[in-house]
Amino acid sequence: MSDYTVETINDGITEFNVEFHGPKESLYEGGVWKIRVELPDAYPYKSPSIGFLNKIFHPNVDELSGSVCLDVINQSWSPMFDLLNVFEVFLPQLLLYPNPSDPLNGDAASLMMKDKNQYEQKVKEYCERYAKKENVVGTPKDESDDEISEEEFSGQSDSDDEVVGHADP
């Protein structure tokens, strides 16, 4: 995993965050996400827990928790797989080929099936808003979109286009 930026949590080797870039030639190209990885005690015999920490609009990713619905991780895991498979094959494949018939995000799945152009526009809006390098650098693991800093509360923010809360794009 030397090609990836990895940030350990609590100085351990079982919990860490990995910087993940959207695959080329996909709606997610140019996006940067922080992925939370938790390795169970039985790893590699038991699959890792994988979740997006910054928001992504995708039928197979829960918008609030970031949980990933990916069969190969959740049901078909094999000790022959490793974390490189997750970041170089499984997650890119998930973003390139969403499965709206097995959704964790019903809104994304429904929009994808009913209006592909509007779905693609919303994916790109989420990438612009939530999947930039500055969204993953130095983000505390317990940060919540619902919390407002003292600076934002008092209206003295440096940026006029700062997004606060869970407003839909």
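View 1. Trp77 is buried at 13% relative accessibility. Here buried means under 20% relative accessible area, exposed over 50%, and partly exposed in between, with a 1.4 Å probe and protein chains only. This is a predicted model: local features need pLDDT of at least 70, side-chain atom pairs count only at pLDDT 80 or more, and totals for chains, interfaces and linings use all residues. Residues are numbered from 1 along each chain as its sequence is written, and side-chain values use heavy atoms, with hydrogens and water left out.

**View 2. The Tyr4 and Phe87 pair.** The whole structure holds 10 aromatic pairs. Rings of Phe, Tyr and Trp (its six-membered ring) pair if their centres lie within 6.5 Å; planes under 30 degrees apart are stacked, over 60 edge-to-face, the rest tilted. Tyr4 and Phe87 sit 5.7 Å apart, centre to centre, with planes at 50°, so this pair is tilted. Distant parts of the chain are linked: Tyr4 lies in the segment before strand E1 (6-8), Phe87 in helix H2 (residues 83-96), 83 residues apart. Helices (H or I, at least four residues) and strands (E, at least two) are DSSP runs, numbered from the N terminus. Tyr4 and Phe87 are both buried.

**View 3. Trp77, Phe81 and their cluster.** Trp77 and Phe81 pair edge-to-face, at 5.5 Å between centres and 65° between planes. Phe81 is partly exposed, at 22% relative accessibility. One aromatic cluster takes in Tyr43, Trp77, Phe81 and Phe90.

**View 4. Cys69 and Cys127.** Cys69 is buried at 17% relative accessibility. Cys127 is buried at 8%. A search of the whole structure finds zero disulfides (cysteine sulfur atoms within 2.5 Å).
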